Amino acid sequence: MSMKSQPGDGRAAAGFLVGLAAGGLVAGLVTVAIAATPAPSEHKGLSIETFGIITPQSMQTTVGLAGHKLQMRAITIAPGGQIARHSHAKRPGLVKVISGEWVEGRDSGEVVFAADKPEANIEDENTTHWFFNRGDKPATAIVCDIVPGE
């Protein structure tokens, strides 16, 4: 059975770990490889710049989505900073790192999203995650999401 992994969905890490286990490595190494840093409960070291907002009225008129706005922002995480654990059950979005690296944590493990990689992080109704900047320079991403609006 072929299973294409998507960044952040844990399949790539799981496939890698199955390969490690099949190669005869000890179980302790596999446990260390999948262990993720605990999810933070608060934001730290963030700066946010809003580039634009499609108003709730415009969202209703153009796509029939009442009570929500579409926004585009740049979010920068300082070295050692973090974005707290949060859900996208009612807040879909797309995230593209444009400088540095964001380490995404999920219950299934961690994935690195870097500026030099083409992947965007897809935040859908099944996404609950958090982020860290483990680098020594600020790391910035462009974030577009649909959120409840006034």
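Predicted model: local features only at pLDDT ≥ 70, side-chain atom pairs only at ≥ 80, totals over all residues.
Local features need pLDDT of at least 70, side-chain atom pairs count only at pLDDT 80 or more, and totals for chains, interfaces and linings use all residues. Residues are numbered from 1 along each chain as its sequence is written, and side-chain values use heavy atoms, with hydrogens and water left out.

Start with the largest nonpolar core. It has eleven residues: Ile75, Ile77, Ile83, Val95, Val97, Trp102, Phe113, Phe131, Ala139, Ala141 and Val143. A nonpolar core is a set of buried Ala, Val, Leu, Ile, Met, Phe, Trp, Tyr and Cys residues joined through side-chain atoms within 4.5 Å. Buried means under 20% relative accessible area, exposed means over 50%, and partly exposed lies in between (1.4 Å probe, protein chains only). Strands are DSSP runs of E, at least two residues long, numbered from the N terminus.

Setting aside residues up to four places away in sequence, Val143 touches Gln71, Met72, Arg73, Ile75, Leu94 and Val95. Contact here means heavy atoms within 4.5 Å.

Next comes the largest pocket. Its volume is about 250 Å³. A pocket is found on a 1 Å grid over the protein atoms alone, as an open set of points with protein on both sides within 12 Å along at least five of seven lines; lining residues have an atom within 4 Å of a point. Grid points are joined across faces, edges and corners, and the volume is the space filled by probe spheres set on the points. The lining has 17 residues, and Arg73, Ile75, Ile83, His86 and Arg91 lie nearest the centre. β2 gives the most, with six residues. The lining divides into nine nonpolar, four polar and four charged residues. Ala, Val, Leu, Ile, Met, Phe, Trp, Tyr, Cys and Pro count as nonpolar, Asp, Glu, Lys and Arg as charged, and the others, Gly among them, as polar.

Stay on β2, where threonine 76 lies. Thr76 is buried, at 18% relative accessible area. Its side chain makes a polar contact with the side chain of threonine 140 (2.7 Å). A polar contact is a pair of N or O atoms within 3.5 Å; within protein, one must be able to donate a hydrogen and the other to accept it, and residues adjacent in sequence count only if both atoms are side-chain atoms.

Leucine 70 is also in β2. Leu70 is partly exposed, at 32% relative accessibility.

How values were computed:
Helix = DSSP H or I, 4+ residues; strand = E, 2+ residues; numbered from the N terminus. 1 Å grid on protein atoms, 1.4 Å probe; cavity = no way out; pocket = protein on both sides within 12 Å on 5 of 7 lines; lining within 4 Å.
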